[in-house]
Amino acid sequence: MNVEQLAKLSLETADQVCLGYLQDLSDDDLMRRPHSACNHLNWQVGHLIVAEHEMMNGVSAMPPLPAGFVARYKKETQSSNRRQDFCGKDELLQVQKDQRAGTLAVLSRLSEADLDKPTGIDYAPSVGAIVALIPAHWLMHAGQWVIVRRELGRPPLF
């Protein structure tokens with residue numbers, strides 16, 4: 001297994017877990033917060049999409065996000081509980097799919113030497129660190145989604 005295959009496997013594993021947790025949740029379910037001091041799931045998913053786009057776009061060109069998407073999921077919108085302020089689940093998942101395809105396309109063009117290139121970002125100092133951070137970031141947030149799933153009576157998936 002080479003580095004590209006390993007990175008792709010990490011992304012696929014994160015997708016299996018994260019998309020599995022979201023698969024049977026409704027638009028209303030995605031507006032739930034695991035705790036009053038936490039962001040609702042819809043905002044978290046949008047935030048993850050924007051973060052992946054921005055990080056990978058710093059490495060190489062990514063597919064554009066839909067018009068207004070970044071504005072919907074900026075830090076200042078995280079306190080809103082109005083469903084109409086955010087995308088519906090189907091749109092969110094389509095944007096995630098499009099961005100993940102972009103991430104995989106960028107990854108396929110990177111050499112192993114490219115992964116060592118510095119980014120100037122303290123939390124991801126190299127291109128390889130960015131690639132490693134993306135699945136970890138998704139999985140970190142998915143831990144909060146389990147709480148909402150349990151509150152809704154959904155069974156454990158993994």
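In helix H1, Glu 4, Ala 7, Lys 8, Leu 11, Asp 15, Leu 19 and Leu 22 meet Lys 89, Leu 93, Gln 96, Arg 100, Thr 103, Leu 104, Leu 107 and Ser 108 of helix H5; contact here means heavy atoms within 4.5 Å. Sorted by class, this contact has seven nonpolar, three polar and five charged residues.

Before going on, a word on the model: it is predicted, and local features need pLDDT of at least 70, side-chain atom pairs count only at pLDDT 80 or more, while totals for chains, interfaces and linings use all residues. Residues are numbered from 1 along each chain as its sequence is written, and side-chain values use heavy atoms, with hydrogens and water left out.

Here are the two partners, with helices taken as DSSP runs (H or I, at least four residues).

| Helix | Residues |
|---|---|
| H1 | residues 3-22 |
| H5 | residues 89-109 |

How do H1 and H5 lie to each other? Their axes are 11 Å apart, at an angle of about 175°, and the two helices are therefore roughly antiparallel (angles over 145 degrees count as such).

Now for H1 itself. Its buried residues (under 20% relative accessible area, 1.4 Å probe, protein chains only) include Ala 7, Leu 11 and Asp 15. Among what covers the buried residues of H1 are H3, H5 and helix H6 (127-151). At the start of H1, a side-chain oxygen of Asn 2 comes to within 3.1 Å of the backbone nitrogen of Glu 4.

Finally, visit His 53 in helix H3 (residues 41-57). His 53 is buried, at a relative accessible area of 11%. Beyond its neighbours within four places in sequence, His 53 touches Met 62, Pro 63, Pro 64, Leu 65 and Gln 99.

Conventions
Axes are lines fitted to C-alpha atoms, for helices over the stretch in contact, and angles run from 0 to 180 degrees between N-to-C directions. Angles under 35 degrees count as roughly parallel, over 145 as roughly antiparallel, 65 to 115 as roughly perpendicular and the rest as oblique. Ala, Val, Leu, Ile, Met, Phe, Trp, Tyr, Cys and Pro count as nonpolar, Asp, Glu, Lys and Arg as charged, and the others, Gly among them, as polar. Buried means under 20% relative accessible area, exposed over 50%, partly exposed in between (1.4 Å probe, protein chains only). A polar contact is a pair of N or O atoms within 3.5 Å; within protein, one must be able to donate a hydrogen and the other to accept it, and residues adjacent in sequence count only if both atoms are side-chain atoms.
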